Amino acid sequence: MISRKASPGRRRVPWGVYLVLLPTFVVLAVFAYYPALSGMLHSFYEWRPGFSSPFVGLENFVTMLGDDVWWESFRNVGIIFIWATTLMWAFPLLAAELVMSLSSERLRFVFRTLLILPLAFPAVVNVLLWQFMYDPRDGVINSFLRAVGLDGLAHNWIGDPDTALAALMTVGFPWVASLPFLVFLSALQNVPAEIYQAAAVDGAGRLRRFWSIDLPMMLRDVKLLLVLAVIAVLQYGLQAHIMTKGGPDNATQVPVLRMLDAAFLDTSWGYAAALGTVLFVLTLGVSVGALLIGKRGGKGAAA
């Protein structure tokens, strides 16, 4: 029988220490794993909480196939994803580059702190602030347009199906206080100073340095952000729920809101559970696929 020995330099942790993690696992089991498994189970029932819930098999999923609002919500999610990975990355990237271009370390710290500080504010407060700014009568945007003589441009931004989705996506402009800014800034800070010095000796300009050094060095971080963006967009719903409730005319409908409407407005709890199950499987599939691709890419780089 072959005995396993601990790796050199690695001390065995007493098993009792792992008991400290037990409360964490209990909380996860009660508030994360159980609700997810319960929702998946009830997706096969005509779920009526507190009453008899007959088994309906795949009926809820068949109903989903003919739900035009559900599928239209994915079109909106696609638009949000394109917006989130283009304009909503461009401004944080520009801000990170500008911060790193400062020669003074003290100024870098000051601007970095000022740009990150809004992340500490509750997201709901930010959304409510923008909802006030979009108010068609007393909102900041329309009041400014009227003050400068552009009354014709004043608009009911989140009440018009043609502008509601764009208005939602603009919330938080210029999106600097965000995770992409932190990721881009961290990636740039990890670039060795010797590389920049060599580029300066070779006469590389600021734009050339961005394309030849900064962007390639951030490639791994961009892949991570892309995965996180897919997951975040599939779970998007806070802003739309507070500001538009998916309207007007389903112009801002997203999968999470459709699921909530099915549960709380239509009281179709089993159908809502089916929609949640599909959304969970999609999110899990994207996450696992990204992990496998990242692991394969890491092995290729190591080889």
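Predicted model: local features only at pLDDT ≥ 70, side-chain atom pairs only at ≥ 80, totals over all residues.
Colleague: Why is the Tyr45 and Phe55 pair called edge-to-face?

Modeller: The ring centres are 5.3 Å apart, with 80 degrees between the planes. Pairing needs centres within 6.5 Å, and edge-to-face needs planes over 60 degrees apart, so the label holds. Tyr45 and Phe55 both sit in the loop between helix H1 (22-42) and helix H2 (59-65), 10 residues apart.

Colleague: Why is Tyr45 called partly exposed?

Modeller: Its relative accessible area is 27%. Buried means under 20% and exposed over 50%, so Tyr45 falls in between.

Colleague: What makes Phe55 count as exposed?

Modeller: Phe55 has 56% relative accessibility. The cut-off is over 50%, so Phe55 counts as exposed.

Colleague: Why are Phe210 and Trp211 an edge-to-face pair?

Modeller: Their ring centres are 5.4 Å apart and their planes are at 75 degrees. The centres must lie within 6.5 Å and the planes over 60 degrees apart, so the pair qualifies.

Colleague: Is Phe210 buried or exposed, and how do you know?

Modeller: Phe210 has a relative accessible area of 15%. Buried means under 20%, so Phe210 is buried. Trp211, at 53%, counts as exposed because the cut-off is over 50%.

Colleague: What lines the largest pocket, by class?

Modeller: The lining has 31 nonpolar, 5 polar and no charged residues. The pocket volume is about 1100 Å³. Closest to its centre are Met88, Trp175, Ala177, Ser178 and Gln239. Helix H6 (123-133) is among the contributing elements, and H6 gives the largest share, 6 residues.

Technical notes. Residues numbered from 1 in each chain as written. Heavy atoms only, no water. 1 Å grid on protein atoms, 1.4 Å probe; cavity = no way out; pocket = protein on both sides within 12 Å on 5 of 7 lines; lining within 4 Å. Points joined across faces, edges and corners; volume = space filled by probe spheres on them. Helix = DSSP H or I, 4+ residues; strand = E, 2+ residues; numbered from the N terminus. Nonpolar A, V, L, I, M, F, W, Y, C, P; charged D, E, K, R; others polar. Phe/Tyr/Trp six-rings, centres within 6.5 Å; stacked < 30°, edge-to-face > 60°. Buried < 20%, exposed > 50% of the residue type's maximum accessible area, 1.4 Å probe, protein only.
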